[in-house]
Amino acid sequence: MRAFEGEPAAIGGRGKDPVNTAMIRHWCEAMGDGHPAYTGPEAVAPPTMLQAWTMGGLSGHGDGTGRATRYDELLGLLDGAGYTSVVATDCEQEYLRPLRPGDEITFDAVIESVSPRKTTKLGTGHFVTTRMDVRADGERAGTHRFRILKYAPARRPAAPAPAEPPTGTATPAPGPDGTASSAPTTAPRPRRPRPVTNRDNEGFWEGVARHRLLIQRCTRCTTLRFPWLPGCNACGSREWDTVESAGEGTVFSYVVMHHPPFPAFDPPYAVALVELAEGVRMISGVTGVRPEEVRIGMPVRLEFQRVDEDLELPVFRGSVS
Ligand code: ZN
C-alpha cells in the first residue's frame, strides 16, 4: 500500500469550464449565500467552490487512452482484498488566491497517504488521502485534500426473531436440555446517533448540556446565525459571541417521517424547521402533539429531552390551539 504514496492520481487535469459567473450564481443560490463579494464586476468565486472547478461531471474527464490511473489501481487492489465499500470521510481545503471569472483551472492530484489497517464502527479498512493542487492561469490557487475509507463492512447482527409465532403454527423448538425454549430474548434497543461535535459547534453542545439554547451573534454587525459557523455570512467577521434563545418559536415547516425506518426511532414522528422568536431557524423534533397535528405556524416551546444516559437534545413542544 505504501508504494502508492506520492504516486499521481491525476496529471494535467483541466477544468471543463473557466471560472464563470453562472456557476458561481448557482452555487450561491444552492448555499443560500448572499455575500456581496460573489456578485458584481469585482466578483470572486466562493473559496469553497475550489473542487467544483475541477469536477469532471457525469462524463468524467476521460483522457481518451482508457488507462487506469495509479489511484484506480489502488482502489482495485483494496476491492480485491475485500475492502469493497467506500465512504468519504473528510475534506480540507487551503486557499492561496481568489478565483475570478475567466480563470482557467488546471490541477494535479497525488495519493498523499494510505493508512495502516484501521477498524472503525463501519468496518475495517484503509484511509486513502489524495491531495489536489489547483492552479488558476498557471498560478497556485489552492489545495484540496480528500479522504476516503475503503472498508469491509462490519457484520450486522442478525435481525431479531419475531416476538411471537403466528397462532397455531410451529411450537417452540426444544432447547439444548430438551425443554421448550423460553421467550425469545429482545435485542437491546439501538441508541440514537450521537451529534457530531467539532471546534465550530462545541459551544452549542456545551450550552445544551446546561439547558441553554445558544445562538451565535456576530460582534461586528450583530447578525444572528444558526447553525453554528466559524464566520458571519453577512459581513465575513470571525468574531462572535452568543445570545441565549428564550425558547419560543413557531413551526416554519415540517415533515412527518414514516419511512425509511431508523432503528433508534419510532415512526411516525414529526421533524420541524422551527423559527425561533430571535429570527433564526433550527431543525428539531416536535413533542407533546401527535405527528399529524403538527401545522405550519404552530407555536412551540423549547425543552430538553433526555434520550439516554449521555444524550440530551433540545426539542420543541407543540400545542394544539
Ligand atoms: Zn457580521
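## The loop with Thr222 and its backbone

Threonine 222 sits in the loop between β7 and β8 (224-225); strands here are DSSP runs of E with at least two residues, helices are runs of H or I with at least four, and both are numbered from the N terminus. Its phi is near 65°, a positive value in a residue other than glycine. Threonine 222 counts as exposed because its relative accessible area is 53% (exposed means over 50%, buried under 20%, and partly exposed in between, with a 1.4 Å probe and protein chains only).

A word on the model itself: it is predicted, so local features need pLDDT of at least 70 and side-chain atom pairs count only at pLDDT 80 or more, while totals for chains, interfaces and linings use all residues. Residues are numbered from 1 along each chain as its sequence is written, and side-chain values use heavy atoms, with hydrogens and water left out.

With a relative accessibility of 41%, histidine 211 is partly exposed.

Now to the peptide bonds. Histidine 259 and proline 260 are joined by a cis peptide bond, with omega about 0°, and proline 260 is placed in the loop between β10 (248-257) and β11 (269-276). A cis bond also runs from proline 267 to proline 268, where omega is near -5°; proline 268 is likewise found in the loop between β10 and β11. As background, most residues other than glycine have a negative phi, and most peptide bonds are trans.

## Aromatic rings

How many aromatic pairs are there? The count comes to 6, taking rings of Phe, Tyr and Trp (its six-membered ring) as paired if their centres lie within 6.5 Å, with planes under 30 degrees apart called stacked, over 60 edge-to-face and the rest tilted. One of these pairs is phenylalanine 262 with phenylalanine 265, which is edge-to-face at 6.2 Å centre to centre and 70° between the planes. Phenylalanine 265 also pairs with tyrosine 269, and that pair is stacked: 5.3 Å centre to centre, with 25° between the planes.

Phenylalanine 262 is partly exposed at 40% relative accessible area, and phenylalanine 265 is partly exposed at 22%. Tyrosine 269 is buried, because its relative accessible area is 18%. Elsewhere, ring pairs tie Phe204, Trp205, Phe226, Trp228 and Trp240 into a cluster.

## Arginines over rings

The charged end of arginine 281 sits over the ring of phenylalanine 252, 3.5 Å from its centre; the rule asks for NZ of Lys or CZ of Arg within 6 Å of the ring centre and within 35 degrees of the ring normal. Arginine 70 has its charged end over the ring of phenylalanine 4, at 4.3 Å from the centre.

Threonine 130 is part of strand β5 (residues 123-136). Is this threonine buried or exposed? Threonine 130 is buried, since its relative accessible area is 12%.

Leaving aside residues up to four places away in sequence, threonine 130 touches Ala9, Tyr71, Val110, Ile111, Glu112, His144, Arg145 and Phe146 (contact means heavy atoms within 4.5 Å). Threonine 130 and alanine 10 lie 120 residues apart in sequence, yet 9.9 Å apart in space, C-alpha to C-alpha.
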